[in-house]
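Here is a short tour of a two-chain model. Keep the sequence and the 3D view open as you read.

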Amino acid sequence: MTIDARFSLVRGGFALNVSLSMPARGITGIFGPSGCGKTTLLRALAGLEHDPLGHLTVGEVVWQNGSTFIPTHKRALGYVFQEASLFTHLTVRQNLEYGLKRIPRRERRLTFDSAVVLLGLNKLVDRAIDNLSGGERQRVAIARSLLTSPSVLLMDEPLASLDAQSKAEILPFLENLHRELSTPIMYVSHSLEEVAQLADHLVLMNAGRITAAGPLPQLLGRFDLPLAHSTDAESVVHAVVARHDNEYMLTHLKFAAGEFLIPRVALPSGRSVRIRILARDVSLTLKRQVDTSILNVLPARIKELTREDSATMTVLLDIGGDTPILCRLTRKSATMLKLRKDKQVFAQIKSIALFGTRQPSAEQLQPAHTMTSVRQG
Amino acid sequence: MLNDADISAIVTTLKLASTTTLILLLVGTPLAWWLACTRWRFKCIIETIVALPLVLPPTVLGFYLLVGLGPHGPIGETLCALGLNHLAFTFTGLVVGSIVYSMPFVVQPLQDAFSSIGKRPLEAAATLRACPLDRFLTIAIPLARPGFVTAAVLGFAHTVGEFGVVLMIGGNIPGKTQVLSIAVYDHVEAMDYTHAHWLAGGMLLMSFLSLLIVHAVNRRSRVIHS
């Protein structure tokens, strides 16, 4: 099932001109700089911006084409705005029930109570909106939109107006949604970190146009796109919890071509996880170092390398498996090691961040444990 | 203290002000909503017409209403042709005049209140499956509550205080179309300052209390134009 959209809108001096097909499952990150049209695209998907010539199909359902325009309130969508936009004249409970009451009972796939549990709102339901923190408001807004059992959830920078602490508080809940619900999510963000943590699929936008779309791990490593060249360039690798080492309290994570070791995490064996590796945390050696404190050393082949500026270079490494990883190093190091395409090297990974995602789990949510960042060496 | 004519003037005034306020809230709410929402390029024309009584001398307004609603005016004539009475010198005529005269005091606070809600809560409600009427009733009206308080109190108080329009169209018939403000004028004309003081003082107190209510209820909202 896919979501197919085609819009060309002019708003003031800004033109949105997009045609795209997104998978109607998992999280699709819509990423780009501020003002690139991400929000306008999302609003057009919701029917809040009307392009008379637009086309939009969600699965089998036509939401818009030449002659049809289904108004927003008749579209099975959820929308989370950048500011929570809760109804201030209603309590938390009434906000949550607002959408729920307006859909027929037989279309309800999520109960009030499970939404409350999913977003950790137990203590908040009978509070007034004024007494909620920014993070709490946004969680209520997410639950409120989910309670309409949408066939797609549109999120417009839901974390952008929150402080770092509230962001950290919400992200695990978002990962949890991803794991617990089958609802596809379109997630607009200008934060690569958020997108890398959450998205499966990525749509890159710039100046009202789509520059690339595809699975996130692939796009992160593409040299023709700006992501691989940013200072926080990073790679995402999928892995599975293989086993726990109780002697040293480590966890072995298995990926397509080997293993990563991280300090022990409270996740069951077999659980799929997402590993994030920053390009600047990867260093290269020509021979496998034995006297090093770095545990994660992988044989790799240089797929591509490019100069960023007069001092730094970016290298794309094939570590086996389908996801290459990025490495950022100095031009001097690259010259000393005589790096070139197809050369065999060893990648030393100094730090790995683990996002707990994938697969429904029976265990109760423990937000504090779902993200672990490890620094070694 | 108060004579019978005074009491019947008070009753007429209160009846007039309540009827006018009620009708204005019913008519003014959709009008204000439309003005707050529409992107029609000529909406300023409607806004100007609504605001006109703010600047027009009440006697001018009253004169045109008298001409229009009287037996030879277009509206009066139509009513007569339908077997009804024309409206000059009647209570109904007073109500019609008051509605026109107090319109801006009801419509403008409501329009401001609706505008200040912004599009966002309504868009949020639309994404939660609320149709336009549903959004209006469950989001716009509750959120515009301070505007409704202001509109009701100002509309009521302003109708109580009108003079020129009611004098023209009502004709100052005691027990029928004589209202307080005119009764005060009559007492002063007759050099009866005691009665004038009672009525004037009462109206002063009532106006003060009305505005106090507005300010107390909408601590943040401001009373616009008077």
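## About the model

This is a predicted model: local features need pLDDT of at least 70, side-chain atom pairs count only at pLDDT 80 or more, and totals for chains, interfaces and linings use all residues. Residues are numbered from 1 along each chain as its sequence is written, while chains are lettered from A and ligands numbered from 1 in the order in which they are written.

## Chain B at a glance

Chain B has eleven helices and zero strands. Helices (H or I, at least four residues) and strands (E, at least two) are DSSP runs, numbered from the N terminus. The C-alpha trace of chain B spans about 65 × 45 × 25 Å along its principal axes.

Of the 226 residues in chain B, 37% are buried. A residue is buried if 20 or more other C-beta atoms lie within 10 Å of its own, exposed if 12 or fewer, and partly exposed in between; the C-beta atoms are placed from the backbone. Take the contacts in chain B with a separation of 6 or more: residues 24 or more positions apart account for 74% of them. Two residues are in contact if their C-beta atoms, placed from the backbone, lie within 7 Å.

## Helix H5 of chain B

Helix H5 of chain B covers residues 91–117. Its 27 residues should span 39 Å at 1.5 Å a residue, and its end C-alpha atoms are 37 Å apart, which agrees. The expected span is 1.5 Å times one less than the number of residues.

H5(B) bends by about 50° at B:Ser102, and a proline, B:Pro104, follows within four residues. The bend is the angle between axes fitted to the seven residues ending at a residue and the seven starting there. In H5(B), 19 of the 27 residues are buried, so the helix is largely enclosed by the rest of the structure. Just after H5(B), B:Gly118 takes a positive phi of about 80°.

## Where the chains touch

The contact takes 18 residues from chain A and 13 residues from chain B. On the side of chain A that touches chain B, strand E6 (77–80), helix H2 (92–100) and helix H4 (134–146) each give two or more residues. E6(A) gives the most, with three residues.

## A strand pair in chain A

Strand E11 (residues 234–245) of chain A runs antiparallel to E14(A), and seven bridges join them. Two strands pair if DSSP finds at least two bridges between them. Which residue in E14(A) is the bridge partner of A:Glu234? The partner is A:Leu278.

Strand E14 covers residues 272–278 of chain A. Six of its seven residues are buried, so E14(A) is largely enclosed by the rest of the structure.
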